[in-house]
Amino acid sequence: MTVSSVIPNIVLTIYPATSDLKSKLAGIVGKGAAFVSVRDLRQSGNIGMLKALRGLRGGKVFLPVEDEEGSHLLPALQILASFIPSRGIISLDAKGDARPVSQGMSSSPLPLS
């Protein structure tokens, strides 16, 4: 996947998604969704990570929380997701319930030079 790829939907996670998580989300996020982890993106540094997020193009961005303990990371994921040009950001709780994230966060991401 190149940074400027066009993909149907994006799943943004802190750590690389397990095969179990991918199979759980398959019916929710749609076929061909790209799974992107913050851990992998951080290998290029913080600015590189933010530029990579801005370079992604997709439909909706999904932010899954695998368990209740992981819910404290959701605000950080929401901020990072706001850098991705998308048609909306949706958080998914541990039960699989979807909740739209305020569009105010994602409608005008900060430009990176």
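In what order do the five strands of the open sheet lie?

1. The order is β3-β2-β5-β6-β7, with mixed pairing. Two strands count as paired if DSSP finds at least two bridges between them; strands (E, at least two residues) and helices (H or I, at least four) are DSSP runs numbered from the N terminus. At the edges, pairing on one side only, are β3 (34–37) and β7 (98–100).

2. This is a predicted model, in which local features need pLDDT of at least 70, side-chain atom pairs count only at pLDDT 80 or more, and totals for chains, interfaces and linings use all residues. Residues are numbered from 1 along each chain as its sequence is written, and side-chain values use heavy atoms, leaving out hydrogens and water.

3. Strand β5 (residues 61–64) runs parallel to β6 (residues 89–92), joined by four bridges. Val61 is opposite Ile89, and Leu63 is opposite Ser91. Two bridges link β5 to β2, also in parallel; here Val61 is the bridge partner of Ile10.

4. Both faces of β5 are covered, with Val61 and Leu63 buried on one side and Phe62 and Pro64 on the other. Buried means under 20% relative accessible area (1.4 Å probe, protein chains only).

5. Helix α4 (residues 74–81) packs on the sheet and touches β2, β5 and β6, where contact means heavy atoms within 4.5 Å. The buried residues of α4 are Leu74, Leu77, Gln78, Leu80 and Ala81. Seen down the helix axis, they fall within an arc of 165 degrees (taken from directions to the C-beta atoms), so they line one face of α4.

Key. Axes fitted to C-alpha atoms, helices over the stretch in contact; angles between N-to-C directions. Buried < 20%, exposed > 50% of the residue type's maximum accessible area, 1.4 Å probe, protein only.
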